[in-house]
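Me: I am new to this structure and would like to learn how to read it. Could we go through it together, one feature at a time?

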Amino acid sequence: SPEPWTRAISSCAKGFQCIYPKFGLDFRQQVPEEDRLHLSRCWVIVENGHLASYITLQADSLEYRDERGRKKKISTNDGDLVNPASVKIGLLAADKRAKRAGRALILWAVEFISESIAPRIGVRFIKVDAYYDKNGKDQHGKSQPYDSSLFYQKLGFQYVDPNEKLPPKEAFRSMFLDLKPTIDRLAKEKP
């Protein structure tokens, strides 16, 4: 079960092996700074005294703009929405030796946000800017684009712009997950 990040947990990151070394650097530098500034909160999974994975969550809105910069609507079963409230996954990384730890954090975040945050402040979506590196390399050093959106897609996330051309203009692909089905399920389960 994930636990909130503390400065003491930072020492567990020694030896953290992620596909992208930058993600380990983010944990050591960006997580403490964002926590200090109250910009995000981090949760971690620690196994045998070592960091297995981490996730940061922060307030955001789900914005979709066309190529001219005009706001577009997000279509849902309940109608079209413009700039709905969301919680953003700022950072997510897992040690490559920790099987399914990143997936476990996403599933935990869906339940946590649906059960603890959405009922208090009205949040409908989880948003992520899934990292995309057109100059990526596979585990053998062979050139291959790195597209983390494929991971999120397997967990039910949808592309904000499903027609986005690759490689994207930015180093990420914006995606979202509608929390309403989970929020509704949890409401029915309450006695």
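Reply: Gladly! Let us start with a term: a residue is buried under 20% relative accessible area, exposed over 50% and partly exposed in between, using a 1.4 Å probe and protein chains only. Here, buried residues make up 41% of the 191 residues. This is a predicted model, in which local features need pLDDT of at least 70 and side-chain atom pairs count only at pLDDT 80 or more, while totals for chains, interfaces and linings use all residues. Residues are numbered from 1 along each chain as its sequence is written, and side-chain values use heavy atoms, leaving out hydrogens and water.

Me: How many helices and strands are in the protein?

Reply: Helices (H or I, at least four residues) and strands (E, at least two) are DSSP runs, numbered from the N terminus. The protein has four helices and ten strands. Their order from the N terminus is β-α-β-β-β-β-β-α-β-β-α-β-β-α.

Me: Which strands pair with β3?

Reply: Two strands pair if DSSP finds at least two bridges between them. Strand β2 (residues 41-47) pairs with β3 in the antiparallel sense, over seven bridges. One example is Trp 43, whose bridge partner in β3 is Ile 55. The hairpin of β2 and β3 has two residues between the strands, and Asn 48 there takes a positive phi near 50 degrees. β6 also pairs with β3 in the antiparallel sense, over eight bridges, and Gln 58 stands opposite Lys 88 in β6.

Me: Is Thr 56 buried or exposed?

Reply: Thr 56, found in strand β3 (residues 50-61), counts as buried because its relative accessibility is 0%. Contact means heavy atoms within 4.5 Å. Not counting residues up to four places away in sequence, Thr 56 touches Val 31, Ser 40, Arg 41, Cys 42, Lys 88, Ile 89, Gly 90 and Leu 91. With Leu 91, the side chain of Thr 56 reaches the backbone nitrogen at 2.8 Å.

Me: Where is the place of Pro 84?

Reply: Pro 84 sits in the loop between β5 (79-81) and β6 (85-94). With a relative accessible area of 11%, Pro 84 is buried too. Its contacts, leaving aside neighbours within four places in sequence, are Ser 61, Leu 62, Ile 74 and Phe 125. Pro 84 and Ser 61 are 23 residues apart along the chain, yet their C-alpha atoms are separated by 5.6 Å.

Me: What does the C-alpha trace span along its principal axes?

Reply: The trace spans about 45 × 45 × 30 Å.

Conventions. Polar contact = N/O pair within 3.5 Å; in protein donor to acceptor, adjacent residues only side chain to side chain.
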